[in-house]
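Here is a short report on how two chains meet. Please keep the sequence and the model open while reading.

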Protein chains: 2
Amino acid sequence: MGLTKTEIFTEEQNRLATLLKALAHPARIAILQRIMVVNTCICGDLVGELGLAQATISQHLRELKNVGLIQGTIEGVSVCYCIHPENWKLLELHFGEFIRTYKGPAKCC
Amino acid sequence: MGLTKTEIFTEEQNRLATLLKALAHPARIAILQRIMVVNTCICGDLVGELGLAQATISQHLRELKNVGLIQGTIEGVSVCYCIHPENWKLLELHFGEFIRTYKGPAKCC
DNA sequence: AATATTAATCGTAATATTGCAATGTAATTA
DNA sequence: TAATTACATTGCAATATTACGATTAATATT
């Protein structure tokens with residue numbers, strides 16, 4: 001196999017898993033951190049910052065864009081990427097709900 | 001290739017990515033939600049709840065245990081799984097720091 | 001002791017991911 | 001118009017993931 005059985009899970013579970021999967025790579029974490037720090041949107045300097053090839057960075061950016069975590073605007077020759085405000089907030093909300101479902105250790109284990 | 005270049009990223013980036021990867025599957029989200037709700041630790045009823053084979057559930061549990069998000073205690077024939085309190089809190093903390101690095105839309109894009 | 005129950009592990013098939021060189025595309029500059 | 005710049009896309013090769021049947025290991029029950 002190798003194919004996730006998405007049909008047996010809820011929309012919310014699948015959506016959260018998809019977003020977390022997009023975050024689940026150190027390069028994409030690094031890319032997002034850089035985008036957040038360099039508030040004025042960055043473009044190609046990521047290739048210089050991280051030690052990955054241009055094609056690889058481009059692929060990671062596409063993945064982040066596909067799930068809606070970032071957005072890109074064409075600025076002449078270069079492309080300006082930045083966080084997608086609404087989706088970012090939604091992720092913060094839903095992940096927060098998920099992780100705070102845990103109310104401390106129960107009487108077991 | 002197919003091999004993440006972990007050596008070019010920081011400890012924190014790699015650790016967060018590893019934890020998020022463990023969460024980045026609907027089955028594992030569902031498993032964790034169930035463990036959190038059924039506060040008294042559950043064991044094999046996961047196989048009945050989710051529509052996945054026993055071997056598959058067992059594999060997902062191992063992944064969650066490997067990254068330290070859950071812990072398992074042998075209770076006679078069955079095994080009792082529950083959230084790993086400290087690591088769960090650490091994830092909440094570090095993810096929170098990460099996602100709250102974003103301070104709203106800047107003047108660009 | 002024989003059998004049943006619970007869960008881990010192994011082996012395998014199908015598919016996905018990671019990374020890069022090479023190439024393509026579109027806007028900019030010379 | 002030709003060359004350049006900035007990214008995207010394509011096409012691999014290497015490796016990882018997902019799922020499950022079959023088997024194994026360990027404890028419980030009869």
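## The interface between the chains

Between chain B and chain A the count is 0 salt bridges. A salt bridge here is a side-chain nitrogen of Lys or Arg within 4 Å of a carboxyl oxygen of Asp or Glu. Residue pairs in polar contact between chain B and chain A number 6, with both residues at pLDDT 80 or more. A polar contact is a pair of N or O atoms within 3.5 Å; within protein, one must be able to donate a hydrogen and the other to accept it, and residues adjacent in sequence count only if both atoms are side-chain atoms.

The side of chain B that touches chain A holds 30 nonpolar, 11 polar and 4 charged residues. Ala, Val, Leu, Ile, Met, Phe, Trp, Tyr, Cys and Pro count as nonpolar, Asp, Glu, Lys and Arg as charged, and the others, Gly among them, as polar. Chain B gives 45 residues to the contact and chain A gives 44. Contact means heavy atoms within 4.5 Å. Together the two chains bury about 4,100 Å², with 78% of it on carbon and sulfur atoms. Buried area is the accessible area (1.4 Å probe) that two parts lose on being put together, summed over both.

## Basis of the model

This is a predicted model: local features need pLDDT of at least 70, side-chain atom pairs count only at pLDDT 80 or more, and totals for chains, interfaces and linings use all residues. Residues are numbered from 1 along each chain as its sequence is written, chains are lettered from A and ligands numbered from 1 in the order written, and side-chain values use heavy atoms, with hydrogens and water left out.

## A helix pair across the interface

Helix H2 (residues 26-37) of chain A packs on H1(B) at an angle of about 115 degrees, and their axes are 8 Å apart. Helices (H or I, at least four residues) are DSSP runs, numbered from the N terminus. Axes are lines fitted to C-alpha atoms, for helices over the stretch in contact, and angles run from 0 to 180 degrees between N-to-C directions.

From H2(A) come A:Pro26, A:Ile29, A:Ala30 and A:Gln33; they meet B:Gln13, B:Asn14, B:Leu16, B:Ala17 and B:Leu20 of H1(B). This contact divides into 6 nonpolar, 3 polar and no charged residues.

## Salt bridges and a lysine

Over all chains, the structure holds 6 salt bridges. One joins the side chains of B:Glu63 and B:Arg28 (3.1 Å, N to O). B:Glu63 lies in helix H4 (residues 54-66) of chain B and B:Arg28 in helix H2 of chain B, so the pair ties together parts 35 residues apart in sequence.

A:Lys21 sits in helix H1 (residues 11-23) of chain A. Beyond its neighbours within four places in sequence, A:Lys21 is in contact with A:Arg28 and B:Ala24.

Note on methods:
Helix = DSSP H or I, 4+ residues; strand = E, 2+ residues; numbered from the N terminus.
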